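User: I'm new to this one and would like a close look at a single part: the salt bridges, and the pieces of the fold that they join. Could you walk me through that?

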Amino acid sequence: MFVGTTRYRSFFYERNSYSQVKLLVEIISQRCRLMSSMANCEKRLRALFRGADSVCFDVDSTVCRDEAIDELSKFAGREREVEEMTRKAMRGGITFRDALSRRLDLIQPSVAMLEDYLETHPPLFTSGIRELVKLLHQRGVHVYLVSGGFRTIIEPVARELDIPLKNIFANRLKFYFNGDYAGFDENQPTSRQDGKAQVVKYLKQYYGYQRLVMVGDGATDLAACPPADGFIGFGGNQVREKVKQDSKWFVGCFSELIDELKRN
């Protein structure tokens, strides 16, 4: 009886061990297939970027190292209030546009305030962006700045990068005749959660771009692909885990993109 029980247990453990090994092999095989698929996706995206006819860059925490609305709130002395509003927006229950409106209502950016801000806050460019944009221009690629930020603050960025002002898609602030803040243009697509996707769709339809690539650090940048033909996640200033996870190609610095272009 004892011997039989021992044999049964031995047989049970052998079968159980075999099943575990088989399951482990299948898990490893699936993971290898996934990694191979991801590698192929990145390879195709790299090729797409090298042959891009248009590249759209986010501005805050991508082209520039900072977030303009955060810096403007500090300048206006409303940093704490704006941070709290931002936290509320991130918890949900408030639309992208409403969050933008409420933060601007707190800051009250007048013409005079913006002039002083721009005088004392030149663009803080992310390392490598000047060389990257110059290289794209040399290759005949059309470069756009697509941002949920403010055109008034982005225009100096575009000028320094030799990007035409018509290639800026961002929110426009409105002012009363005396220069006081009067709201923002709600007709601008970038005032909405899906605004960047709308801009990309417009660019592809109007100009006929076939290989448009979006580069950015945020969820709204990721959501612009599609209609963008490709998306490159950028983590040189801020790493958003959701963006990093869902990006087929995620880079930590612009030198990676520069090196990729120089392969051709």
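Analyst: Let's start with the term itself: a salt bridge here is a side-chain nitrogen of Lys or Arg within 4 Å of a carboxyl oxygen of Asp or Glu. Keep in mind that this is a predicted model.

Take Asp-217 and Arg-240, whose side chains meet in a salt bridge at 2.8 Å, N to O. Asp-217 sits in the loop between strand 6 and helix 9, while Arg-240 is in the loop between strand 7 and helix 10; the two are 23 residues apart, so this pair links distant parts of the chain. How covered are the two partners? Asp-217 has 2% relative accessibility and counts as buried, because the cut-off for buried is under 20%. Arg-240, at 31%, counts as partly exposed.

Arg-240 has another partner to look at. It also forms a salt bridge with Glu-67, with the closest N and O atoms 3.4 Å apart. Glu-67 lies in the loop between strand 1 and helix 2 (68-75), so this bridge ties together parts that are 173 residues apart in sequence. Glu-67 is partly exposed, with a relative accessible area of 23%.

Just past the end of helix 2, Gly-77 takes a positive phi of about 75°.

Six strands form an open sheet with parallel pairing, in the order 3-2-1-6-7-8. Strand 3 (168-171) and strand 8 (250-251) stand at the edges with a single partner strand each, so one side of each has no neighbour in the sheet. At the strand 8 end, strand 7 (residues 230-234) pairs with strand 8 in the parallel sense over two bridges, and Gly-233 stands opposite Phe-250 in strand 8.

Helix 8 (residues 195-207) packs on this sheet, touching strand 1 (54-57), strand 2, strand 3 and strand 6 (212-216), and its direction makes about 150° with that of strand 2. Helix 7 (residues 151-160) lies across strand 2 (142-150) and strand 3, and runs at about 150° to strand 2.

Lys-204 forms one with Asp-229, the closest N and O atoms being 2.8 Å apart. Lys-204 is in helix 8 and Asp-229 is in the loop between helix 9 (219-222) and strand 7, 25 residues apart, so here too distant parts of the chain are linked. Asp-229 is partly exposed, with a relative accessible area of 34%.

There's a nonpolar feature to notice as well: Tyr-202, Tyr-206 and Tyr-207 make a nonpolar surface patch of about 350 Å². Of these, Tyr-207 lies in helix 8 and counts as partly exposed at 39% relative accessibility.

One last stop: Glu-42, Arg-46, Arg-50, Glu-260 and Arg-263 are linked in a network of salt bridges.

Definitions and conventions:
Residues are numbered from 1 along each chain as its sequence is written. This is a predicted model: local features need pLDDT of at least 70, side-chain atom pairs count only at pLDDT 80 or more; totals for chains, interfaces and linings use all residues. Side-chain values use heavy atoms; hydrogens and water are left out. Two strands pair if DSSP finds at least two bridges between them. Helices (H or I, at least four residues) and strands (E, at least two) are DSSP runs, numbered from the N terminus. Contact means heavy atoms within 4.5 Å. Axes are lines fitted to C-alpha atoms, for helices over the stretch in contact, and angles run from 0 to 180 degrees between N-to-C directions. Patches are made of residues with over 30% relative accessible area and no salt bridge: like charges are joined within 9 Å, nonpolar side chains (Val, Leu, Ile, Met, Phe, Trp, Tyr) within 5 Å. Accessible areas come from the Shrake-Rupley method with a 1.4 Å probe; for residues, only the protein chains shown count as cover. Buried means under 20% relative accessible area, exposed over 50%, partly exposed in between (1.4 Å probe, protein chains only).
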